[in-house]
Amino acid sequence: MKPENAIEIDNVSKVYYVAESVTEARGRARVLRNLTSPLRRLRATLAGQSAFGAEIPVKALDEVSFEVPQGKILGLIGKNGSGKSTLLKILSRITAPSSGQVRIRGKVGSLLEVGTGFHQELTGRENIYMNGAVLGMTRADINRHFDDIIGFAGVGAFLDTPVKRYSSGMRVRLAFAVSAFFEPEVLLIDEVLSVGDAEFQKRSLGKISDVSRDGRTVVIVSHNLSAILSHCDLVAWLNKGKLASVGNTAQITSEYLLSSTFESDTLAGEKRFRDFVPSDKYPFELLAMRTYDDQQHVRSSFLNGMPVVVELEFKLGAPKWCTTTPSVRCIGCVGLSRPICSIRDRITSTRSCKFTAKMC
Amino acid sequence: MASKTSSDITVIQPPRGWSFPNLREVWDARAILLNFVQRNFNVTYRQTIGGPIYAVYTPFMTMIGYTLLLGVLFGAQEGLSVPYPLFSFCALLVWTLFTNVTQNATTSLTQNTNLIQKIYIPRLVFPLIETCMQLLTFAIAFVVLLLMMVVYAQPFLWQIVWVVFYVAVALVFSLGFGLLFAGFQARFRDMSYLVQTINRLLFFVTPVVYDSTLLPAPFNTLYIYNPMALVIEGMRWAMLNVGEQPALIPTLSAVGVSVALLLVALLVFQRLEPTVADVL
Ligand SMILES: Nc1ncnc2c1ncn2[C@@H]1O[C@H](COP(=O)(O)OP(=O)(O)O)[C@@H](O)[C@H]1O
Ligand SMILES: [Mg+2]
């Protein structure tokens, strides 16, 4: 293992067996076959294969190799089902790879997907000690971090309440605090940032930066690309179990963004309105709204600095009660929390209008 | 699945063939194990009124039931050198230890799905936790047996030290039995029913509530090759001086069977362990 690396992933593959979708008749035949051959199932199980004969193998990870240098924050991105959680499960030894090898230097702390490594019947306090013990900490070590943990998680008043009575937010906060404050050399975090509220997300990202500043290594899975952009030193992009690329955060994030929008986002870039406004009552009826990039592709995600073409499709009618010729004036702003463009434009066409804005 | 090659580098690899669990790793996790045992013990009795009374509840109630049924109605007391309640309770203690260890070890992985899928702990720790818990429960019930012996004015003899040996055999046999099924239980939830059924059948061929001298030939010489029968006969001799100490050959056979079962079970467990989280 190279001295500068904290994690080395070497040709790692993982095969899962999932049930093949079958017709009802074939399914029934299979149930019968399985019922009559328990021994075959036991043998298949022991051989490490699927226990239900007809299942099909799925490569959740396919020959993935990359390295994470010590003290860096690596962002793991990719669409749903691309194998991100599977990779973290292998790194944290929850499940074994089907082939390949992983080498990790130091203690590993992890916060995987939904749910926490808590015992539901035990109190928060007891769970903190138990999780500490699991990470190989002594009682004194745990005591040293105890106040920081409950402070960060904000569960002070519930310390002696069984975890099963915690709200889901409290559970996630406590789980994050336990894995981050017990000073693992490698910290693995799967999509927890999407669970808590905005304030918790901000604090946990701050804590993650602190952790790496102490020379420890973090691997973080998130769909929050702006968090990835602002916190990660490098990014690995998984696509259908394969490593698409690894390296520079800004570059790979935008590659990922571009590829994913072209593949499947065309529809999301268009919004159609139906019966939004009863047309016999008002002269203006909005039919659809689309956003384009400068290549005339409909899309919904845009990078900073990219021009955005917004198109509104509408119908201008002339109801009987209307005395003047209808016209539309567009005074708008685009952007959620702050306007990113604004238009003041008198629209004269009666069918549609397009205007160009710039993300800034 | 994984091994520490140097002081702090963990190598994670696919499992290769048949191997024994990394016992060093389990030993390193002993603090976790003790932690869990202590916590589970608290949890088990936390939301109850009776608290640790439940440790003796099952064998004690079973003893009362059989005392009423066999002792009073069917005259099982006849020909016994000790009171029937002592005679049956002494055996029910180890029998309860056996059934609880086998059944709880079998379901130990499925019961801890939550933890197993979130944090890595050597998986062998979970059946071991159950074993330790049941050993504690046994210890409490054993104290009750001692009290009962005082109440019945039953003398304590030197051979009581043999209890350690017989309990050890029972533990090895039960753990082997439970471990054999634990990995399969993760995939096939009907394994625990199978274990229950086997236990129930074994109950009939083991002299737990009846006197083995009543067995007809050829069963009177064969039954002792059931390791649990040997343990129970041994316990009765050690505690209550009933009958004689089991002979050498059946004793060696019980030890051999138990150890062999445990070794096979460890191999099977390790075979299924690395991917157990995928199917839980
Ligand atoms: N325990 C499992 N059994 C069978 N298939 C699984 C299991 N876990 C994950 N998969 C499959 O592996 C693939 C990758 O899943 P996952 O790693 O969870 O993706 P991601 O976290 O990137 O969304 C998916 O196709 C998923 O269905
Ligand atoms: Mg996931």
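## Close-up views of a predicted two-chain model

**View 1. The buried residues of helix α3 in chain A.** They are A:K84, A:S85, A:T86, A:L87, A:L88, A:I90 and A:L91. The model is predicted. Helix α3(A) spans residues 84–91 and is mostly covered, with 7 of its 8 residues buried. A:R93 follows the helix. Its phi is positive, near 65 degrees.

**View 2. Chain A against chain B.** The contact involves 49 residues of chain A and 41 residues of chain B. About 3700 Å² is buried between the two chains. Carbon and sulfur atoms give 60% of that area.

**View 3. Helix α7 of chain A and its surroundings.** This helix covers residues 198–213, 16 residues in total. From first C-alpha to last, α7(A) reaches 23 Å. That is close to the 22 Å expected at 1.5 Å a residue. Its buried residues are A:F200, A:Q201, A:S204, A:L205, A:K207, A:I208, A:S209, A:V211 and A:S212. Just after α7(A) comes A:G215, with a positive phi of about 90 degrees.

View 4. Most residues other than glycine have a negative phi. A:N11 has a positive phi, near 50 degrees. It sits in strand β1, residues 5–18 of chain A. A:N11 counts as partly exposed because its relative accessibility is 38%. A:E63 also takes a positive phi, about 50 degrees, although it is not a glycine. A:E63 lies in strand β2, residues 56–69 of chain A. With a relative accessible area of 47%, A:E63 is partly exposed too.

**View 5. Helices α4 and α7 of chain B.** Helix α4(B) runs over residues 84–106, and helix α7(B) over residues 125–151. Their axes come within 9 Å and cross at roughly 170 degrees. The angle is over 145 degrees, so α4(B) is roughly antiparallel to α7(B). By class, their contact has 18 nonpolar, 4 polar and 1 charged residues. From α4(B), the contact residues include B:L86, B:F89, B:L93, B:L97 and B:N104. From α7(B), they include B:E130, B:L135, B:F138, B:F142 and B:M149.

**View 6. Two loop sites in chain B.** B:G79 is in the loop between α3 (54–73) and α4 of chain B. Its relative accessible area is 75%, so B:G79 is exposed. B:G79 and B:T213 are 134 residues apart in sequence. In space, their C-alpha atoms are 9.7 Å apart. The other site is B:P218, in the loop between α9 (191–205) and α10 (219–222) of chain B. Most peptide bonds are trans. The bond from B:A217 to B:P218 is cis, with omega near 0 degrees.

Key:
Residues numbered from 1 in each chain as written. Chains lettered and ligands numbered in written order. Predicted model: local features only at pLDDT ≥ 70, side-chain atom pairs only at ≥ 80, totals over all residues. Heavy atoms only, no water. Helix = DSSP H or I, 4+ residues; strand = E, 2+ residues; numbered from the N terminus. Expected span 1.5 Å × (residues − 1). Buried < 20%, exposed > 50% of the residue type's maximum accessible area, 1.4 Å probe, protein only. Axes fitted to C-alpha atoms, helices over the stretch in contact; angles between N-to-C directions. Parallel < 35°, antiparallel > 145°, perpendicular 65-115°, else oblique. Contact = heavy atoms within 4.5 Å. Nonpolar A, V, L, I, M, F, W, Y, C, P; charged D, E, K, R; others polar. Buried area = accessible area lost by both parts, 1.4 Å probe.
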